[in-house]
Amino acid sequence: MHSSQQFASLRSELECVNQISYDLIAEQQRNLVMYPSVLVATVLLQNLNKELKKDCLADQFLVLKALLERRNAKVCWEGSASACVERGLTFLSDSVSQRETGVMTSFPYFESGDDLIRVPSPSESPPLDREQVDAIMAAAVHVIKLDYHKNQLLHWIAWDAILCLILLARDRSTSLAQLKSDARLLAGILSEDIVFMREKWEKYFNSALQRLTKERFVVSGPSRSTIHLG
């Protein structure tokens with residue numbers, strides 16, 4: 001077989017393998033069931049260095065659940081939002097330490113009481129000794145664990161996030177053509193982390209823009225040639 005024919009055959013085989021691999025992973029992601037711990041971990045990570053009451057955590061839990069379900073994600077749900085949050089916190093108990101009312105138990109990254117979850121800010125701390133530095137390094141492991149849970153839902157919002165990030169970087173508004181160009185570039189950079197077929201990037205772009213427009217996260221200008229954050 002001529003070398004050019006061998007190359008063409010090999011390329012065809014690789015394209016076939018890539019297509020099957022993408023299809024398998026996409027099908028797996030579509031059928032992945034997310035447990036309350038996934039949503040709780042995501043909300044906690046979105047509220048670093050803030051005080052967060054549990055009823056507020058439950059509210060944000062519900063907002064995230066609704067957003068994911070509008071994207072056809074499967075979320076395990078039983079009982080009230082508060083009950084789901086409590087189950088999530090229990091499952092994440094090795095990363096979310098408990099405290100008695102008004103009493104901090106140690107130097108955890110997350111401190112959870114009857115009504116409050118507190119995430120200490122490094123900027124609030126005085127100069128640290130070796131023991132405190134070791135505690136901070138150990139606490140960072142908890143963030144990595146929470147990230148592991150959060151990563152189970154990223155594929156549902158990845159393209160939405162790409163579009164919103166571009167708009168934020170461009171002062172909340174840009175032309176549709178520029179948005180498409182930036183999205184293609186950024187998606188290519190992130191293609192090792194986001195499962196999508198590169199040659200079908202425009203399909204993903206259009207779907208994300210349609211979702212965000214419907215949910216009023218973004219709005220079109222009068223001529224529909226300009227896109228703004230809502």
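Buried means under 20% relative accessible area, exposed over 50%, and partly exposed in between (1.4 Å probe, protein chains only). Helices (H or I, at least four residues) and strands (E, at least two) are DSSP runs, numbered from the N terminus.

**The model**

This is a predicted model, in which local features need pLDDT of at least 70, side-chain atom pairs count only at pLDDT 80 or more, and totals for chains, interfaces and linings use all residues. Residues are numbered from 1 along each chain as its sequence is written, and side-chain values use heavy atoms, with hydrogens and water left out.

The predictor's confidence in each residue, pLDDT, runs from 0 to 100. Its mean for the protein chain is 79, and 77% of the residues reach 70 or more. Over residues 100–111 the pLDDT is below 50, yet this stretch has 32 contacts in the model beyond near neighbours in sequence. A contact means heavy atoms within 4.5 Å.

The protein chain holds 8 helices and 9 strands. Of its 230 residues, 35% are buried. Take the contacts between residues at least 6 apart in sequence: 64% of them join residues at least 24 apart.

**Helix 8**

Helix 8 covers residues 201–214. Its 14 residues should span 20 Å at 1.5 Å a residue, and its end C-alpha atoms are 20 Å apart, which agrees. The expected span is 1.5 Å times one less than the number of residues.

Which residues of helix 8 are buried? They are Trp201, Phe205, Ala208, Leu209 and Leu212. These cover an arc of only 100° around the axis, so they sit on the same side of helix 8. The arc is that of the directions from the helix axis to the C-beta atoms. An α-helix has 3.6 residues a turn, so residues three or four places apart point the same way.

The cover over the buried residues includes helix 6 (154–169), helix 7 (176–189), strand 8 (218–220) and strand 9 (226–229). The face turned away from the buried side carries exposed Lys203, Gln210 and Lys214. Just after helix 8, Arg216 takes a positive phi of about 65°.

**Ser37 and the cysteines**

Ser37 lies in helix 2 (residues 36–45). Not counting residues up to four places away in sequence, Ser37 touches Gly88, Phe91, Leu92 and His149.

| Residue | Relative accessibility | Class |
|---|---|---|
| Ser37 | 7% | buried |
| Cys56 | 29% | partly exposed |
| Cys84 | 0% | buried |

The whole structure has 0 disulfides, a disulfide being a pair of cysteine sulfur atoms within 2.5 Å. The sulfur of Cys84 is 7.4 Å from the closest cysteine sulfur, in Cys76, too far for a bond.
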